[in-house]
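Student: Could you take me through this structure step by step, giving the general idea of each feature before the case at hand?
Tutor: Gladly; let us look at the chain first.

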Amino acid sequence: MTNAELPTPRTVVPIEPSLLIAEAFDQAQVTELRHSVSSCAHAAGLVGQRLDDFVLAVNELITNAVRHGGGRGWLRLWRRPGELVCEVSDHGHGLSERQLHDRSRPAPDTAGGWGLWLARELSDAMEVESGAAGTTVRISATATD
């Protein structure tokens, strides 16, 4: 290679420049992971009831991944300008069409089925992708910081 053929410099762009947590988990890590999410969410500007709601929503998602998604999952938590985002993925069998589209509150005497409903109610936005290879749920909350 001659000087006239110098390679173009590469620019490295981080995929998630504000990634706070990226961690695989199973039942043994649920409590520790919830505490980590709480600390990071507080540092990102969530306080009071907003903080409690977001942490409870995340806890419901990681608990669902363990109970219904194959016993383990993957959590990512990151900041976007003015927003905190959490994504929980599992490798279960996916959700039924009814579960994906049902936004009604479960009956008070229902033992299960509260996790996704609570996560949706306690966050500002929620997206769900599900199929035979697993489910990914992404929730967000507006941060004040």
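Student: How much of the protein chain is buried?
Tutor: Buried means under 20% relative accessible area, with a 1.4 Å probe and protein chains only; here buried residues make up 37% of the 145 residues in the protein chain. Please note that this is a predicted model, in which local features need pLDDT of at least 70 and side-chain atom pairs count only at pLDDT 80 or more, while totals for chains, interfaces and linings use all residues. Residues are numbered from 1 along each chain as its sequence is written, and side-chain values use heavy atoms, leaving out hydrogens and water.

Student: Which secondary structure does the protein chain have?
Tutor: Helices (H or I, at least four residues) and strands (E, at least two) are DSSP runs, numbered from the N terminus. The protein chain has 4 helices and 5 strands, which follow the pattern β-α-α-β-β-α-α-β-β along the sequence.

Student: How do helix α1 and helix α2 pack?
Tutor: Axes are lines fitted to C-alpha atoms over the stretch in contact, and angles run from 0 to 180 degrees between N-to-C directions. Helix α1 (residues 30-43) and helix α2 (residues 48-68) pack at about 150°, their axes 10 Å apart. Because angles over 145 degrees count as roughly antiparallel, α1 is roughly antiparallel to α2.

Student: Which residues make the contact?
Tutor: Contact means heavy atoms within 4.5 Å; among the residues involved are Leu33, Val37 and Ala41 of α1 and Phe54, Val58 and Ile62 of α2.

Definitions and conventions:
Buried < 20%, exposed > 50% of the residue type's maximum accessible area, 1.4 Å probe, protein only. Parallel < 35°, antiparallel > 145°, perpendicular 65-115°, else oblique.
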